Amino acid sequence: MTYLDRESLIVKTHTGLLQRLQSLNVYKAKHGLAPHKPLLLLVILDLAEDSAIPSQLRLTPELSYRFDCFWKVVAHRRTQLPNVRLPFHHIGGDKLWRPLDDRGRQSRDKSITESVEIHADFGEALSDSEFRRLARLVLVETYFQPAERQALYSLLQIDVPETDPEALNAMYGAPDDAIASGRVGRFR
């Protein structure tokens with residue numbers, strides 16, 4: 001099977017998930033789409049790269065720390081501090097996981113969500129490296145401004161795709177600031 005055949009198979013197999021990632025219910029703010037959910041999903045994809053994601057994922061200091069590192073890419077356009085509890089709970093509405101309280105029951109509020117039960121189809125997709133690659137591209141290209149995309153590509157150690165000319169030509173302060181921002185996040 002060639003690389004293109006494999007990519008086509010992944011897209012066909014996970015089309016519904018990729019479409020869900022492309023149409024997350026995100027807040028439309030004055031300065032663009034709220035980045036909380038896509039950033040947390042990028043963190044989850046990053047964690048899945050390092051090791052298998054369990055079917056039940058806890059809200060841990062490591063998860064929060066990684067989210068904060070990714071947040072630095074969008075901090076310039078957000079007045080609030082990063083709060084991983086918001087997307088950790090609310091991604092449940094996008095049917096990727098179910099938020100749970102400390103007793104393992106359905107959580108009704110972000111303040112009591114302690115873990116999430118990952119839906120089987122999403123959990124299975126997370127174990128596939130090609131799905132993770134495509135999902136990263138979908139999230140970065142859909143929810144972030146050109147300079148942020150450039151920084152996220154660097155953070156995720158992805159070459160800026162030729163299909164994203166805006167990110168290729170974006171200025172993030174000084175010309176190399178986006179790459180530096182991504183590298184700092186990756187280093188942390």
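This is a predicted model: local features need pLDDT of at least 70, side-chain atom pairs count only at pLDDT 80 or more; totals for chains, interfaces and linings use all residues.
## Salt bridges

Search the whole structure and you'll find 14 salt bridges. To count as one, a side-chain nitrogen of Lys or Arg has to sit within 4 Å of a carboxyl oxygen of Asp or Glu. Side chains of opposite charge can pair when their charged atoms come close.

Residues are numbered from 1 along each chain as its sequence is written, and side-chain values use heavy atoms, with hydrogens and water left out. The helices (H or I, at least four residues) and strands (E, at least two) are DSSP runs, numbered from the N terminus.

## The sheet

Which strands make up the open sheet, and in what order? There are three, arranged β3-β5-β4 with antiparallel pairing. Two strands pair if DSSP finds at least two bridges between them. At the edges stand β3 (56–58) and β4 (97–100), each with a single partner strand, so one side of each has no neighbour in the sheet. On average, neighbouring strands here are turned by 25° against each other, direction ignored.

Now for the individual pairings. β3 and strand β5 (residues 115–118) are antiparallel and share three bridges. Arginine 58 is found opposite serine 115 in β5, and leucine 57 has valine 116 of β5 as its bridge partner. β4 and β5 also run antiparallel, joined by four bridges. Here tryptophan 97 has isoleucine 118 in β5 as its bridge partner.

## Helix α7 and α8

Two packed helices are described by the angle between their axes and the distance between the axes. The axes are lines fitted to C-alpha atoms, for helices over the stretch in contact, and angles run from 0 to 180 degrees between N-to-C directions. Take helix α7 (residues 129–143) and helix α8 (residues 146–155): they pack at about 155°, with their axes 9 Å apart. That makes the two roughly antiparallel. The labels go like this: under 35 degrees is roughly parallel, over 145 roughly antiparallel, 65 to 115 roughly perpendicular, and the rest oblique.

α7 passes α8 in a right-handed crossing. A crossing is right-handed if the near helix is turned clockwise from the far one by less than a right angle, and left-handed if anticlockwise. Leu137, Val140 and Glu141 of α7 meet Arg149, Leu152 and Tyr153 of α8, where contact means heavy atoms within 4.5 Å. These contact residues split into four nonpolar, no polar and two charged. In that tally, Ala, Val, Leu, Ile, Met, Phe, Trp, Tyr, Cys and Pro are nonpolar, Asp, Glu, Lys and Arg are charged, and the others, Gly among them, are polar.

How do α2 and α7 pack, and at what angle? Helix α2 (residues 15–22) meets α7 at about 25°, with the axes 9 Å apart, which means they are roughly parallel. The crossing of α2 past α7 is right-handed. Leu17, Leu18, Leu21 and Gln22 of α2 touch residues of α7 including Phe131, Leu134 and Ala135. The contact of α2 with α7 holds nine nonpolar residues, two polar and no charged.

Then there's α3, which packs with α7 at about 160°, the axes being 10 Å apart. The two are therefore roughly antiparallel, and their crossing is left-handed. Among the residues making the contact are Pro38, Leu41 and Asp46 of α3 and Arg132, Arg136 and Tyr143 of α7.

## Two loop residues with positive phi

Most residues other than glycine have a negative phi. Lysine 95 has a positive phi near 60° without being a glycine, and its place is in the loop between α5 (85–90) and β4. Glutamine 157, not a glycine either, has a positive phi of about 60°. Glutamine 157 lies in the loop between α8 and α9 (165–168).
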